[in-house]
Amino acid sequence: MQDTFKHITVDQFQQQAKDNQWVVVDIRDANAFAQSHIPGAIHLTNDNLGDFMREADLDLPTVVCCYHGISSQQAATFLISQDFSDVYSLDGGFEQWANQFPTDVESK
């Protein structure tokens with residue numbers, strides 16, 4: 001088992017997510033998530049963290065998304081410490097994703 005998370009660029013993630021089953025967790029605030037997010041993303045908050053941890057498949061590749069790819073590193077480290085085996089921090093975060101793939105953004 002790996003003891004640290006990995007980094008993934010938005011380009012790499014966009015390509016790999018087409019062919020593989022990924023879990024995307026978005027740790028941005030509720031308003032930002034409600035406005036737009038990566039399709040299929042789970043809004044992960046302190047309120048739903050326990051449920052997420054109980055229901056998660058620890059072996060699925062999991063990418064953590066924040067605003068710019070900074071806070072996601074801390075969250076990815078936490079998931080690794082909770083026995084997730086394949087965790088990534090999305091470099092550039094949602095802002096980079098939205099800039100590069102504006103048509104791959106889900107809005108509510």
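Is Gly40 buried or exposed?

Mentor: Gly40 counts as exposed, at 59% relative accessibility (buried is under 20% relative accessible area, exposed over 50% and partly exposed in between, with a 1.4 Å probe and protein chains only). The model is predicted, so local features need pLDDT of at least 70 and side-chain atom pairs pLDDT 80 or more, while totals for chains, interfaces and linings use all residues. Residues are numbered from 1 along each chain as its sequence is written, and side-chain values use heavy atoms, with hydrogens and water left out.

Gly40 sits in the loop that links α2 (30–35) to β3; helices (H or I, at least four residues) and strands (E, at least two) are DSSP runs numbered from the N terminus. Beyond the neighbours within four places in sequence, Gly40 contacts Val24 and Glu106 (contact means heavy atoms within 4.5 Å). Between the C-alpha atoms of Gly40 and Gln21, which are 19 residues apart along the chain, the separation is 11 Å.

The partner of β3 is β2 (residues 23–26), which runs parallel to it and is joined to it by two bridges. Within that pair, Val25 is opposite Ile42, and Asp26 has His43 as its bridge partner.

The buried residues of α1 are Val10, Phe13 and Gln14. Their arc around the axis is only 100°, which means that they lie on the same side of α1 (the arc is that of the directions from the helix axis to the C-beta atoms). The cover over these buried residues includes β1, β2, β4, β5 and α5.

β2 pairs with β4 in the parallel sense over four bridges, and the bridge partner of Val24 in β4 is Val63. β2 is covered on both faces: Val23 and Val25 are buried on one side, Val24 and Asp26 on the other.

Val63 also belongs to the largest nonpolar core, which has 15 residues (a core is a set of buried Ala, Val, Leu, Ile, Met, Phe, Trp, Tyr and Cys residues joined through side-chain atoms within 4.5 Å). Ile8, Phe13, Ile38, Val63, Leu90 and Trp97 touch the most other members of this core. Two or more of its residues come from each of α1, β4, β5 and α5 (93–100). Among the contacts of Ile8 beyond four places in sequence are Phe13, Trp22, Val63 and Leu90. Another core, of 14 residues, lies apart from the largest one, and Val25, Leu44, Ala76 and Ile80 are among its members.

Conventions: Two strands pair if DSSP finds at least two bridges between them.
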